[in-house]
Amino acid sequence: MTFVHPRGLCESTDVGEGTRVWAFAHVLEGAKIGRDCNICDGAFVENQVVLGDNVTVKNNVLVFNGVTCENDVFLGPNVVFTNDMRPRSHQKLGSDQLLSTRVCEGATLGAGVVVVCGTTIGRNSFVGAGSVVTRDVPAHAFIVGNPGVQKGWVCRCAARLDSDLKCPECGTQHRLGPDGLDYT
């Protein structure tokens, strides 16, 4: 069963079982929301957004057309996505003119992250609070700053990896692949 708080607004009919939409959140008609998502107070999800299963959208997150978040993505409070590289009020672009953004499975975006459109944020990557993503993020990368730069690697469990690419928390060994890190 889907739960919509009495002060939340969910106009989409494509919402998965177990998803919760909290007070003052607004999900527009046409948005595709997976199972067991949590869309917190004040979040806004536009009509051409796709959220996979078990996506957490914390308070005041703005998810605009062209954004796809795969399964198990975490969007911290006040994350903002863009979808137009050259916005002008007098230019009304159609959705086919906007740049898309993909947040891959298991990625985390910390509080206040800004994601510039046209980027892909890799699987199990971690973007630190307040960072600005201006280019693609490799799988398992740890990104911080404005503009965001890579400062290391993280495991699926979110622990920083040591120089041997082994997780000090869960013991998983990783190896460098063409799209970032993979498990060995």
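These legends walk through a predicted model, from the whole chain to a single valine.

Residues are numbered from 1 along each chain as its sequence is written. Because the model is predicted, local features need pLDDT of at least 70 and side-chain atom pairs count only at pLDDT 80 or more, while totals for chains, interfaces and linings use all residues, and side-chain values use heavy atoms, with hydrogens and water left out.

View 1. Along the principal axes, the C-alpha trace spans about 50 × 40 × 25 Å.

**View 2. Surface, burial and charge of the protein.** Of the 184 residues, 42% count as buried (under 20% relative accessible area; exposed is over 50%, partly exposed in between; 1.4 Å probe, protein chains only). The accessible surface comes to about 9300 Å², and 49% of it belongs to carbon and sulfur atoms. Areas come from the Shrake-Rupley method with a 1.4 Å probe; for residues, only the protein chains shown count as cover. The mean positions of the 16 positive and 19 negative charges are 5 Å apart. Lys and Arg count as positive, Asp and Glu as negative, and His and the chain ends are not counted; each charge is placed at NZ of Lys, CZ of Arg, CG of Asp or CD of Glu.

**View 3. An open sheet of nine strands with mixed pairing.** Follow the order S1-S4-S7-S10-S13-S16-S19-S21-S22 across the sheet. At its edges lie S1 (3–4) and S22 (149–153), each pairing on one side only. Two strands pair if DSSP finds at least two bridges between them. S4 (residues 20–21) and S7 (residues 38–39) run parallel, joined by two bridges, and Val21 has Ile39 in S7 as its bridge partner. Further along, S19 (residues 126–127) is joined to S21 by two bridges, again parallel; there, Val127 partners Ile143.

**View 4. The hairpin of S21 and S22.** S21 (residues 141–144) runs antiparallel to S22, with four bridges between them. Val144 has Val149 in S22 as its bridge partner. Four residues lie between the strands, and Gly145 takes a positive phi near 105 degrees.

**View 5. An open sheet of six strands with parallel pairing.** The order is S3-S6-S9-S12-S15-S18, with S3 (14–15) and S18 (120–121) as the edge strands, each pairing on one side only. Look for S9 (residues 50–51) and S12 (residues 67–69), which run parallel and are joined by two bridges. The bridge partner of Val50 in S12 is Thr68.

View 6. With a relative accessible area of 25%, Val80 is partly exposed. Val80 and Glu70 are 10 residues apart in sequence and 17 Å apart in space, C-alpha to C-alpha.
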